[in-house]
Each structure stands twice: as structure tokens, then as C-alpha cells.
Amino acid sequence: MSSEPNIRAFNRYGVWAIYRFEMARFLRTAGQSILTPVLTTSLYFVVFGSAIGGRMAEVDGVPYGAFIVPGMIMLTILGESISNGSFGIYFPKFTGTIYELLSAPISPVETVLGYVGAAATKSVILGLIILATSTFFVDLHILHPVAMVAFLVLTAATFSLLGFITGIWARSFEQLSFIPMLVVTPLTFLGGAFYSIDILPGIWRTLTLFNPIVYIISAFRWCFYGTSDVGIEVSMLMTATFFIAGLAAVSWIFKTGYRLKN
Amino acid sequence: MSPIISISNVSKTYASGLQALKRIDLEINKGEIFALLGPNGAGKSTLINIVCGIVTPSTGTVVADGHDIMKDYRQARFKIGLVPQELATDAFETVETSVRLSRGLFGRRTDPNQIEKVLRSLTLWERRGDKIMTLSGGMKRRVMIAKALAHEPTILFLDEPTAGVDVELRRDMWNLVRELRAQGVTIILTTHYIEEAEEMADRVGVIHKGELILVENKSALMHKLGKKQLTLQLQEPLKALPSELSEWKLELKGDGYVLEYTYDGKAERTGIPSLLRRMTDIGILFKDLNTHQSSLEDIFVSLVSERQ
């Protein structure tokens, strides 16, 4: 028997093992993982950028084709983060291999780091691929690149965490796709991904402000063009709050064993 | 021998109200093979799952290799490997990827040599690059054992290791368990086959309806459980047992048509040939016979009724 590693403080091998395992699955299907968003982005550009965008004026001083890039990236980031985050933990529940995770010397925080870290990494990679694809269609100037990357990572982590919670909550594959399909996608479309919420009539604009995704897309667009529908500080604060609420939910889940343990 | 696992006052009532375990106290000695014997639904898996951290006990404490499984769960779980009853595998992953994940999860650095050693010991080395879903049921079970051993645990739980397993694999499994014991690993296995407990265990615990009704050395238990019965269907009914047969433990049943002889199945001399000879000598003829070993169910019934 080899000597005992010190796992009393932090099980780094455990985190790395989950991360590596999850990333391997992504890389194994890299072809389709990458092809899908590239194709979708190109289609959006053809439809919104060229077909419709050509007839539209600039929005906030930005050509329409370029205006939709941040929203489009976010559309993918939010959807992919949730589905990656939820699938990673739902699948072991579905196949029964979750027993291993539950009996391993690994804490909730470490588990989340492994799964959510991998899910967020995949989303960020896809986000960057979409960004690269969009440069084939429009001229892009990113005003605040560091903030853009930081925000991309924060958003991916937040929604991967939300996905992780969905994966623990879900009892079926239908429930698994419920949140991304019926909540996140509509909210993203209504969250100003393809328009500025300023063009909405009064009451609709007010209602839109209750949609958390408005703040995310708005802040992300600010990173590109320096203009936003709502204050950048408010956006950052909202996203960070969202992330912390997610962490609190996860720690509650592991403490009570909700839908994991008897 | 010092205990490596101490289970004190552990009970479990599920949210559904089902009381799966009633105040279990049990000590497992270091280096032994302990068999937990009981029918389905007796609470065997619940007990194992509590020690491994999958089920939270309602009351009681468990100390594994000096570490409380709740307060010091990392150190406790690091010592433990679990092979659950259900076949659950990462179907789309390769054998090697899956085993490597297990080693990491349990806090060990990736070590290709160790992974190779485990895979070879389970004759999985040649199949290491295959997706688990392409393997047979027996091979999948080996993968689950490899996963449990990947982090070099000192305590191994095998929950029904040979349920639905072919004879060859069962032999292999038994050999593997012996090898592990020789390396100093303590093994706790559950089974509802008496023969398995008999073949493998140093000590046996019998669990019934959530209660540990007996813990004994195997040899003592096997003696207790080793009773067999010979049933003879007679051609002509007997009114009473003839005095010539008084030296055998006989009972007359079925309106005098059935003669039942209870004997020790483990004894060198069962007394059957001499009984049959004596019967022929005194002219008692039979048309059919069968022998029957007390089933686990019978034993439970007798153990439980003894307690009441």
C-alpha cells in the first residue's frame, strides 16, 4: 500500500479526475460539439445579419450584424452551460454510477468544481469559437477584451451551476430539457439578444427588466461596444448574485442529500 | 484482533416510514472476511450503504479504521472500496478511463502502474481500451471491482458479488477475495447463498428484518446450519416406530407412510446406509426417498422463533 495522501483539506485529485473525465467526453464528440454552434451562428448571420439586418439601421451606433454578436454568443453560452452542467451530473444518476461519487472522499465544493468547471470550460470554448466564426461575417472591435473574457467565464460558470442544480433536480430526460428549452431560451430571446430593449414600448420595457438575462446580455454587449441597456455595475452585481445563490442552493442540496441520498 | 469497523447503535428509518435497520451493533475485525447473510430486504445493503456514505443513518455511529464516517468522512471513505449490487457502469467510457476516474475520485494520484496491476488482476488488461457497454455482464462486474480497488482501499465491501454470475466467475471472485485478504484487505460481503458464506467467510452475521440476529464464527454456524433430512416414502404404512430403529432420530409422518430422518450433513458418518440396511432386515420397504438441506429461509424461521 502506498502512503496516504493528505486529502483532509482538499481532494485535488478528485476534482481533477472529474474535470478530466467530463472534458474527455466533450473532446470525444468534439466534431459535433463544435460543428453545431458554428453552423447555428452562420445561420443566424445569414438570416438576421444579411437578410434582415441589411434593411435595419444601426442600433446604438453599431451595425446590426455586429450588434447581435454578443447576444448570439450568450444564447449559446447559456444553453450549452445549462445542458452541459445538467447532463454531467444527471447521467450518473440515470445510470446508477452516482454511488461512486456519493461514497468518495470528496466534498460538495470539490464536486461542483469538477463538474461545473468542466461544463463552463466547454461553454467558454464554444463561445470563443462562435466569436471567431462571427469575424468571418462582420467587423468586430472589442472595447474591453479582459472584461469580456471575465464576463464570459462568470456567465458560463453561473449557468453551468444552474444546470448542475437542474441535473440533480431532474428525474427524467424531459425534466432535464425543461429548464433550457422552456425557461432559458425564451428569456434569452426576450432578453435583448437581437434587439435593444430601448426600442420596446414602456410597459414591455419595464417588464423586461425582470428578466435576469437582460442584464447579462447587456453587460456582455457593453464589453464589446461600450454601450448597454442597463448599468454595467448593476449587470455585474446581478450575475454575481445569481452565482452566489446557485452556490447556496448546491450546498443545501448536498447538506440535505436532496434527490441524491436517502 | 482489533476491530477495523465499529458500528454502534445504527438504525435507519427511510422517509417512507420503512424501518430498514433496528439498532445494529457490529464489529468487523481487521483482515477478516465477514459475510452478512440474509434474505432480500433484510437490510444488508442499507447497512453497507451507511458505512460507505451513500445512506445517512437515522441514529448511531460508525468508525472505519479509526475515522468517524460522518465527522471525518474523507479519511474514512479513503479507506473503503465499494462494489454495489446493481450493475452500474459508465457504459460509453473505456474500462481504463472509468477505473482511472475512480482512483482520482478517491484522492489518489493517477498511477498507470497501479491501474495496470488492478486491471491485470481482474483479467481486464486486454480489454482496457474497450467501451464498457461492449463487455459481457461478468466482465462489467469485474470492472466494478476494479473501480472499487483502484484507490487501494484497506476495507472492501462486496454487495452480492456473485448474484447472477456464472460458475467460472464466481470461482474467480472467490480467489480474488482470498488474494485480497492475503494482502491485508478486510472484506465484508453480503450474500443470500449459504454456500458462499461457507466457502469464503471467517465470520458470519445473519440479518433479518433489520436486526442482526446472530454473529458467529463460520465453523460454529455451519455446524448449526448443517442439519439435513432424509425422507422415505414407505410402501406400507407403519402404526408406530419399531424399536429396532430407536438408535436413529426418526419421525413418523403422513399417516405412517413417511419416515423422516434428521442427521448432521457435515458429519463423517450420516447413519443413512446402516438405517437403510436395518430397515431391509426388518422388512420395512420404501418406494422413494429424498434428502433436503435446511434452506436459509428455514434457518431464519428457526433462528427467529428461537428468539421469541
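In what order do the 4 strands of the open sheet in chain B stand? The legends below start with that sheet and then visit other parts of this predicted model.

**Figure 1. An open sheet in chain B.** The order is E2-E1-E4-E5, and the pairing in this open sheet of 4 strands is antiparallel. Look at the two ends of that order: strand E2 (19-29) and strand E5 (67-68) of chain B stand at the edges. Each of these edge strands has a single partner strand, so one side of each is left without a neighbour in the sheet. As a reminder, strands of a sheet pair through backbone hydrogen bonds, either parallel or antiparallel.

**Figure 2. Zooming in on strands E4 and E5 of chain B.** Strand E4 (residues 59-64) of chain B runs antiparallel to E5(B), and 2 bridges join them. To find your place in this pair, look for B:Val63 on one side and B:Asp68, in E5(B), opposite.

**Figure 3. Where chain B touches chain A.** How many residues does the contact take from chain B, and how many from chain A? Chain B gives 29 residues and chain A gives 26 residues. On the side of chain B that touches chain A, the elements giving two or more residues are helix H2 (73-78) and helix H3 (95-105) of chain B.

Figure 4. The C-alpha trace of chain A spans about 70 × 40 × 35 Å along its principal axes. Of the 262 residues in chain A, 45% are buried. Among contacts in chain A between residues at least 6 apart in sequence, 81% join residues at least 24 apart.

**Figure 5. Inside the largest nonpolar core.** In soluble globular proteins, nonpolar side chains tend to be buried together. Here the largest nonpolar core has 137 residues, and B:Ala35, B:Val51, B:Ala146 and B:Phe157 touch the most other members. The largest share of this core, 14 residues, comes from helix H3 (residues 64-95) of chain A. Which residues does B:Phe157 touch, leaving out those up to four places away in sequence? They are B:Ile48, B:Val51, B:Cys52, B:Ile80, B:Gly81, B:Leu82, B:Val83 and B:Ile188.

**Figure 6. Helix H9 of chain B and the residue after it.** Is helix H9 (residues 272-281) of chain B well covered or hardly covered? This helix is hardly covered, with 0 buried residues among its 10 residues. Just after H9(B) comes B:Gly283, which takes a positive phi of about 85°.

**Figure 7. The two domains of chain B.** The domain assignment gives domain 1 (3-223) and domain 2 (227-307) in chain B. The C-alpha centres of these two domains lie 40 Å apart. Chain B as a whole has 10 helices and 14 strands, and its C-alpha atoms fill a box of roughly 75 × 45 × 40 Å along the principal axes. Buried residues make up 39% of the 308 residues in chain B. Of the contacts in chain B with a separation of 6 or more, 70% are between residues 24 or more positions apart.

Notes. Residues numbered from 1 in each chain as written. Chains lettered and ligands numbered in written order. Predicted model: local features only at pLDDT ≥ 70, side-chain atom pairs only at ≥ 80, totals over all residues. Contact = placed C-beta atoms within 7 Å. Pairing = 2+ DSSP bridges. Buried ≥ 20, exposed ≤ 12 C-beta atoms within 10 Å, placed from the backbone. Core = buried A, V, L, I, M, F, W, Y, C linked by C-beta atoms within 7 Å. Domains from an automatic or database assignment.
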